[in-house]
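Thanks, everyone. Let me put the model up, and then we can walk through a few local features.

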Amino acid sequence: LNPLILQNKEVLYNLLFQTASQALQKLAQGYPRLQAQLGFTAVLHTWDQDLQFHPHLHLVVTGGGLDASAQHWVPAKNSFLVPVKALSLIMRGKFLDALRETFHQGKLSLRGNLEGLKEESALDRFLKKLRRQKWVAYSKKPFDGAQHVYAYLSRYTHRVAISNARLVNCQNGHVTFKARNNQSPENPRQVTLPAEEFIRRFLLHVLPSGFVKIRHYGILAPCNAKTKLEKARTLLHLQEPKEESHPKKE
C-alpha cells in the first residue's frame, strides 16, 4: 500500500482515519461484553525509527463508554476492551471496501509503476492480495496511565518525524542520528545516511497543507464535548469510591 499512499496522501490518510474509527466504534457497540459508545483520540504517524515510510495511527481509547441511552457508564471488564483479532478483520474489510469505492469515484492518482492499477481487473487482484494479508491492530493497557500516553504522543504532534535531540552529527556528506534499539532500549543505536537520503526520508513525512493529524471520536468528538462527554464525566465521578468518614477521637 505504501506506493499508493505516497501518491494519494490526503485521500488515503483520511481513509485510514475514517475506517479505523468506524471499525472500532462498530465493534464496541456490537460486542456483547461492552455495547457502549467509546471515546478516543487518533494521531497519525508516518515514520519508523529509521525514518522509513510507515503510516499508522495511534489511538488513545477510553476504558469503557456510554450505553445506548447515554445514561449509564459501561466499564471495560477485567482490563479487556474489545477482541483485537475481530477489530483487525473489520478494519481490513472497511479499508479495502472504501479503497475500491475511492477508485470508482476517480479520486486515486495512479502514475508511474502504479498505472497498471487503472484497469479494474488489476485492482481486483491487488485488493484480493491485500485481503489475504493478516492485518494487525495492536492493543495494550498503558504502562503509566493515560497521562503517560498523551505525553508520548504530544512529542510528535507539532513536528515532523525526528527531533533535534536525536541528531548526532552531519559531516562528510552524511547524517547520523539516534534510533531506538529494541534489543537494548537503554542503549540507542546510531543510523548514518547520505545527506540526500536523509532529506528524502524526512520529506516523505511532510503532510498535505492544512491536514489535521489529531482527531477525536465518539464521546470525545467536538460535537459531544458539551453533552455526552459531560455526562460521562458526571457518571464516572459518581462511581468514584467515597472516602470513609471516621468520628474524631476524643
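Start with Asn-172, in the loop between strand S5 (167-171) and strand S6 (174-179). Helices (H or I, at least four residues) and strands (E, at least two) are DSSP runs, numbered from the N terminus. Before going on, the ground rules. This is a predicted model, so local features need pLDDT of at least 70, side-chain atom pairs count only at pLDDT 80 or more, and totals for chains, interfaces and linings use all residues. Residues are numbered from 1 along each chain as its sequence is written, and side-chain values use heavy atoms, with hydrogens and water left out.

Asn-172 is not a glycine, yet its phi is positive, about 55°. Most residues other than glycine have a negative phi. Is Asn-172 buried or exposed? Exposed, at 74% relative accessibility. The cut-offs: buried is under 20% relative accessible area, exposed over 50%, partly exposed in between, with a 1.4 Å probe and protein chains only.

Now Ala-70. Its phi is positive too, about 60°, and Ala-70 is not a glycine either. Ala-70 sits in the loop between S3 and S4. Ala-70 is buried, with a relative accessible area of 18%.

The buried residues of H7 pack against strand S3 (64-66) and strand S4 (73-75). Which residues of H7 are buried? Leu-229, Ala-232 and Leu-235. They cover an arc of only 125° around the axis, so they lie on the same side of H7. That arc is taken from the directions from the helix axis to the C-beta atoms. An α-helix has 3.6 residues a turn, so residues three or four places apart point the same way. On the other side of H7, Arg-233, His-237 and Leu-238 are exposed.

Next, the cores. A nonpolar core is a set of buried Ala, Val, Leu, Ile, Met, Phe, Trp, Tyr and Cys residues joined through side-chain atoms within 4.5 Å. The largest has 41 residues, and Leu-34 and Leu-99 have the most contacts inside it. Several elements supply at least two residues each, including helix H2 (9-30), strand S1 (39-47) and helix H3 (84-104). H2 gives the most, with 10 residues.

Look at Leu-99. Contact means heavy atoms within 4.5 Å. Leaving aside neighbours within four places in sequence, Leu-99 is in contact with Leu-1, Leu-4, Leu-12, Leu-15, Leu-108, Phe-126 and Leu-127. Apart from this core lies another, of 12 residues, among them Leu-51, Ile-162, Val-191 and Phe-198.
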